[in-house]
Amino acid sequence: QVATISAESEELGKIIAEMVKKTGENGHIFVEEGFTFETETEVIEGMKFGGKVAANFMLNNPNRMELNLEKSKVLVTNMIIKNMGDFIRLKGGSIFADIQQIQKNQQCVILAWKFEKKFLMDVADLWRKTGFRIYCIKVPSILTEQLKDIAIYVGANLLDENENLKLFDASVENMGTIERLTANAEECILIGGAGKKIEVNKRIEEIKNQ
(Lines give C-alpha, C1' and ligand atoms only; values in the text may rest on other atoms or scores of the structure.)
Protein backbone atom coordinates (compact mmCIF):
# COMPACT_ATOMS: atom_id res chain seq x y z
CA GLN A 1 0.00 0.00 0.00
CA VAL A 2 2.80 2.42 0.88
CA ALA A 3 4.65 1.63 -2.35
CA THR A 4 1.45 2.03 -4.40
CA ILE A 5 0.80 5.49 -2.94
CA SER A 6 4.46 6.55 -3.32
CA ALA A 7 4.77 5.34 -6.92
CA GLU A 8 1.21 6.41 -7.79
CA SER A 9 0.76 3.03 -9.46
CA GLU A 10 -0.82 -0.20 -8.19
CA GLU A 11 1.32 -2.20 -10.66
CA LEU A 12 4.55 -0.63 -9.40
CA GLY A 13 3.38 -1.02 -5.80
CA LYS A 14 3.04 -4.78 -6.24
CA ILE A 15 6.42 -5.03 -7.99
CA ILE A 16 8.18 -3.06 -5.24
CA ALA A 17 6.54 -5.24 -2.55
CA GLU A 18 7.86 -8.36 -4.30
CA MET A 19 11.34 -6.82 -4.51
CA VAL A 20 11.28 -6.08 -0.77
CA LYS A 21 10.70 -9.80 -0.17
CA LYS A 22 13.62 -10.69 -2.42
CA THR A 23 16.17 -8.17 -1.16
CA GLY A 24 15.40 -8.41 2.56
CA GLU A 25 15.80 -5.76 5.26
CA ASN A 26 19.35 -4.84 4.20
CA GLY A 27 18.47 -4.28 0.54
CA HIS A 28 17.98 -1.02 -1.36
CA ILE A 29 15.38 -0.65 -4.09
CA PHE A 30 15.69 1.91 -6.88
CA VAL A 31 13.02 2.82 -9.45
CA GLU A 32 14.52 4.15 -12.68
CA GLU A 33 13.08 5.24 -16.00
CA GLY A 34 13.46 2.59 -18.69
CA PHE A 35 13.65 2.72 -22.47
CA THR A 36 10.95 0.11 -23.19
CA PHE A 37 7.20 -0.09 -22.58
CA GLU A 38 7.55 -3.02 -20.15
CA THR A 39 8.45 -2.83 -16.49
CA GLU A 40 11.53 -4.95 -15.73
CA THR A 41 13.10 -5.93 -12.42
CA GLU A 42 16.66 -6.92 -11.61
CA VAL A 43 18.28 -8.04 -8.36
CA ILE A 44 21.92 -7.00 -8.11
CA GLU A 45 24.27 -7.71 -5.23
CA GLY A 46 26.39 -4.70 -4.43
CA MET A 47 28.07 -2.62 -1.74
CA LYS A 48 27.33 0.94 -0.60
CA PHE A 49 29.49 3.05 1.69
CA GLY A 50 30.23 6.65 2.54
CA GLY A 51 32.64 7.92 -0.06
CA LYS A 52 33.06 10.85 -2.41
CA VAL A 53 34.70 11.66 -5.72
CA ALA A 54 37.97 13.41 -4.89
CA ALA A 55 37.77 16.08 -7.62
CA ASN A 56 34.94 17.53 -9.71
CA PHE A 57 36.79 17.10 -13.01
CA MET A 58 36.35 13.33 -12.55
CA LEU A 59 32.55 13.57 -12.71
CA ASN A 60 31.36 12.19 -16.06
CA ASN A 61 27.72 13.04 -15.34
CA PRO A 62 27.96 16.72 -14.29
CA ASN A 63 24.20 17.28 -14.49
CA ARG A 64 23.69 14.83 -11.60
CA MET A 65 27.12 15.59 -10.08
CA GLU A 66 27.95 11.87 -10.36
CA LEU A 67 30.64 9.54 -11.56
CA ASN A 68 29.33 6.48 -13.41
CA LEU A 69 31.71 3.75 -14.56
CA GLU A 70 31.48 0.26 -16.01
CA LYS A 71 34.00 -2.58 -15.85
CA SER A 72 37.00 -1.10 -14.11
CA LYS A 73 40.06 -2.21 -12.17
CA VAL A 74 40.12 -1.05 -8.53
CA LEU A 75 43.06 -0.34 -6.23
CA VAL A 76 42.33 -0.19 -2.46
CA THR A 77 44.77 1.31 0.04
CA ASN A 78 44.90 2.99 3.45
CA MET A 79 47.95 5.06 2.49
CA ILE A 80 48.09 8.80 1.83
CA ILE A 81 48.67 9.21 -1.90
CA LYS A 82 50.94 12.22 -2.31
CA ASN A 83 51.93 12.35 -5.97
CA MET A 84 52.31 10.24 -9.10
CA GLY A 85 55.87 9.48 -8.09
CA ASP A 86 54.51 7.18 -5.35
CA PHE A 87 53.62 4.70 -8.10
CA ILE A 88 56.84 4.88 -10.13
CA ARG A 89 58.86 1.71 -9.65
CA LEU A 90 62.56 1.66 -8.87
CA LYS A 91 63.22 0.05 -12.26
CA GLY A 92 60.77 2.31 -14.08
CA GLY A 93 57.18 1.85 -15.18
CA SER A 94 54.07 1.86 -13.01
CA ILE A 95 50.85 -0.02 -12.34
CA PHE A 96 49.04 2.41 -14.63
CA ALA A 97 51.31 1.52 -17.55
CA ASP A 98 50.55 -2.17 -16.92
CA ILE A 99 46.77 -1.52 -17.00
CA GLN A 100 47.02 0.34 -20.30
CA GLN A 101 48.77 -2.67 -21.84
CA ILE A 102 46.30 -5.34 -20.72
CA GLN A 103 42.84 -3.75 -20.97
CA LYS A 104 40.94 -1.85 -23.62
CA ASN A 105 38.96 0.55 -21.41
CA GLN A 106 41.72 2.95 -20.41
CA GLN A 107 40.72 3.59 -16.81
CA CYS A 108 41.08 2.51 -13.19
CA VAL A 109 39.71 3.48 -9.78
CA ILE A 110 41.67 4.20 -6.61
CA LEU A 111 39.87 3.94 -3.26
CA ALA A 112 41.83 5.58 -0.45
CA TRP A 113 41.15 7.78 2.57
CA LYS A 114 43.31 10.70 1.42
CA PHE A 115 44.66 12.13 -1.83
CA GLU A 116 47.04 15.08 -1.66
CA LYS A 117 46.37 18.04 -3.98
CA LYS A 118 49.62 17.34 -5.86
CA PHE A 119 48.44 13.86 -6.86
CA LEU A 120 45.09 15.18 -8.09
CA MET A 121 46.99 17.76 -10.16
CA ASP A 122 49.16 14.96 -11.58
CA VAL A 123 46.01 13.00 -12.48
CA ALA A 124 44.46 16.03 -14.20
CA ASP A 125 47.69 16.48 -16.17
CA LEU A 126 47.61 12.80 -17.18
CA TRP A 127 44.02 13.23 -18.37
CA ARG A 128 45.06 16.14 -20.60
CA LYS A 129 48.06 14.37 -22.09
CA THR A 130 46.70 10.83 -22.56
CA GLY A 131 43.44 8.95 -22.91
CA PHE A 132 44.02 7.11 -19.63
CA ARG A 133 41.65 7.98 -16.77
CA ILE A 134 42.34 7.56 -13.06
CA TYR A 135 39.28 8.06 -10.85
CA CYS A 136 39.87 8.77 -7.15
CA ILE A 137 37.28 7.96 -4.46
CA LYS A 138 37.84 9.18 -0.90
CA VAL A 139 36.66 6.78 1.78
CA PRO A 140 35.88 9.05 4.78
CA SER A 141 36.69 6.53 7.49
CA ILE A 142 40.35 5.78 8.12
CA LEU A 143 39.33 2.46 9.63
CA THR A 144 41.34 -0.25 7.89
CA GLU A 145 38.51 -2.71 8.60
CA GLN A 146 36.16 -0.85 6.26
CA LEU A 147 38.80 -0.82 3.52
CA LYS A 148 39.27 -4.57 4.06
CA ASP A 149 35.54 -5.04 3.46
CA ILE A 150 35.81 -3.17 0.17
CA ALA A 151 38.93 -5.07 -0.87
CA ILE A 152 37.25 -8.44 -0.20
CA TYR A 153 34.19 -7.42 -2.20
CA VAL A 154 36.13 -6.28 -5.30
CA GLY A 155 38.69 -9.10 -5.06
CA ALA A 156 41.70 -6.87 -4.32
CA ASN A 157 44.64 -7.06 -1.93
CA LEU A 158 44.49 -4.14 0.49
CA LEU A 159 47.70 -2.15 0.19
CA ASP A 160 48.26 -1.61 3.92
CA GLU A 161 51.01 0.70 5.14
CA ASN A 162 51.16 -1.32 8.37
CA GLU A 163 52.13 -4.37 6.31
CA ASN A 164 55.01 -2.44 4.68
CA LEU A 165 53.44 -2.70 1.23
CA LYS A 166 54.63 0.12 -1.02
CA LEU A 167 52.53 1.75 -3.70
CA PHE A 168 55.33 1.42 -6.24
CA ASP A 169 55.32 -2.36 -5.65
CA ALA A 170 51.63 -2.59 -6.63
CA SER A 171 50.76 -4.71 -9.66
CA VAL A 172 47.58 -5.46 -11.56
CA GLU A 173 47.35 -8.70 -9.54
CA ASN A 174 46.78 -6.58 -6.40
CA MET A 175 43.76 -4.90 -7.95
CA GLY A 176 40.13 -5.96 -7.91
CA THR A 177 37.40 -5.49 -10.49
CA ILE A 178 33.88 -4.06 -10.47
CA GLU A 179 31.14 -4.20 -13.09
CA ARG A 180 29.60 -0.84 -12.18
CA LEU A 181 30.39 2.11 -9.93
CA THR A 182 28.31 5.16 -9.02
CA ALA A 183 29.71 7.88 -6.78
CA ASN A 184 28.90 11.45 -5.80
CA ALA A 185 29.77 13.81 -2.95
CA GLU A 186 28.13 11.59 -0.30
CA GLU A 187 28.25 7.91 -1.20
CA CYS A 188 29.72 5.28 -3.46
CA ILE A 189 27.94 2.19 -4.78
CA LEU A 190 29.90 -0.78 -6.13
CA ILE A 191 28.11 -3.47 -8.13
CA GLY A 192 29.47 -6.76 -9.41
CA GLY A 193 32.65 -7.00 -7.35
CA ALA A 194 35.01 -9.78 -8.42
CA GLY A 195 35.63 -11.01 -4.87
CA LYS A 196 35.15 -14.72 -4.19
CA LYS A 197 31.62 -15.44 -3.00
CA ILE A 198 32.84 -17.62 -0.14
CA GLU A 199 35.15 -14.85 1.14
CA VAL A 200 32.41 -12.19 0.89
CA ASN A 201 29.85 -14.35 2.75
CA LYS A 202 32.43 -15.23 5.41
CA ARG A 203 33.12 -11.51 5.99
CA ILE A 204 29.38 -10.70 6.15
CA GLU A 205 28.87 -13.36 8.86
CA GLU A 206 31.85 -11.97 10.84
CA ILE A 207 30.31 -8.49 10.77
CA LYS A 208 26.90 -9.81 11.84
CA ASN A 209 28.47 -11.65 14.77
CA GLN A 210 30.39 -8.55 15.84
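Okay, a definition to start: helices (H or I, at least four residues) and strands (E, at least two) are DSSP runs, numbered from the N terminus. By that rule, Ser-72 sits in strand E3, which covers residues 67–76.

Some ground rules before I go on. This is a predicted model, where local features need pLDDT of at least 70, side-chain atom pairs count only at pLDDT 80 or more, and totals for chains, interfaces and linings use all residues. Numbering runs from 1 along each chain as its sequence is written, and side-chain values use heavy atoms, with hydrogens and water left out.

So, the overview. The protein has 6 helices and 9 strands. Along the principal axes, its C-alpha atoms fill a box of roughly 65 × 40 × 30 Å. There are 210 residues, and 37% of them count as buried; buried means under 20% relative accessible area, exposed means over 50%, and partly exposed is in between, with a 1.4 Å probe and protein chains only. Now contacts, meaning heavy atoms within 4.5 Å. Take those with a separation of 6 or more: 72% of them come from residues 24 or more positions apart.

Back to Ser-72. Is Ser-72 buried or exposed? With a relative accessibility of 1%, Ser-72 counts as buried. If you skip the neighbours within four places in sequence, Ser-72 touches Asn-105, Gln-107, Cys-108 and Val-109, and also Gly-176, Thr-177 and Ile-178.

Next, the aromatics. How many aromatic pairs does the structure hold? It holds 6. Rings of Phe, Tyr and Trp (its six-membered ring) pair if their centres lie within 6.5 Å; planes under 30 degrees apart are stacked, over 60 edge-to-face, and the rest tilted. Phe-87 and Phe-119 have ring centres 5.9 Å apart and planes at 40 degrees, so that pair is tilted. The pair links distant parts of the chain: Phe-87 is in the loop between strand E4 (80–81) and helix H3 (95–102), while Phe-119 is in helix H4 (residues 117–129), 32 residues apart. Phe-119 also pairs with Phe-115, and that one is stacked, at 6.1 Å centre to centre with 20 degrees between the planes.

As for burial, Phe-87 and Phe-119 are both buried. Phe-119 comes out at 0% relative accessibility, and Phe-115 is buried too, with a relative accessible area of 9%.

Staying in helix H4, let's look at Val-123. Val-123 is at 0% relative accessibility, so it counts as buried. Leaving out neighbours within four places in sequence, its contacts are Phe-57, Met-58, Met-84, Ile-134 and Cys-136. Ser-94 is 29 residues away along the chain, and its C-alpha atom is 14 Å from that of Val-123.

Last topic: helix packing. Helix H5 (residues 144–154) packs against helix H6 (residues 197–209) at an angle of about 150 degrees, with axes 9 Å apart. That makes H5 roughly antiparallel to H6; the cut-offs are under 35 degrees for roughly parallel, over 145 for roughly antiparallel, 65 to 115 for roughly perpendicular, and oblique for the rest. Axes here are lines fitted to C-alpha atoms, for helices over the stretch in contact, with angles from 0 to 180 degrees between N-to-C directions.

Which residues meet there? From H5 we get Glu-145, Asp-149, Ile-152 and Tyr-153, and from H6 Glu-199, Val-200, Arg-203 and Ile-207. The contact divides into 4 nonpolar, no polar and 4 charged residues. For those classes, Ala, Val, Leu, Ile, Met, Phe, Trp, Tyr, Cys and Pro are nonpolar, Asp, Glu, Lys and Arg are charged, and the others, Gly among them, are polar.
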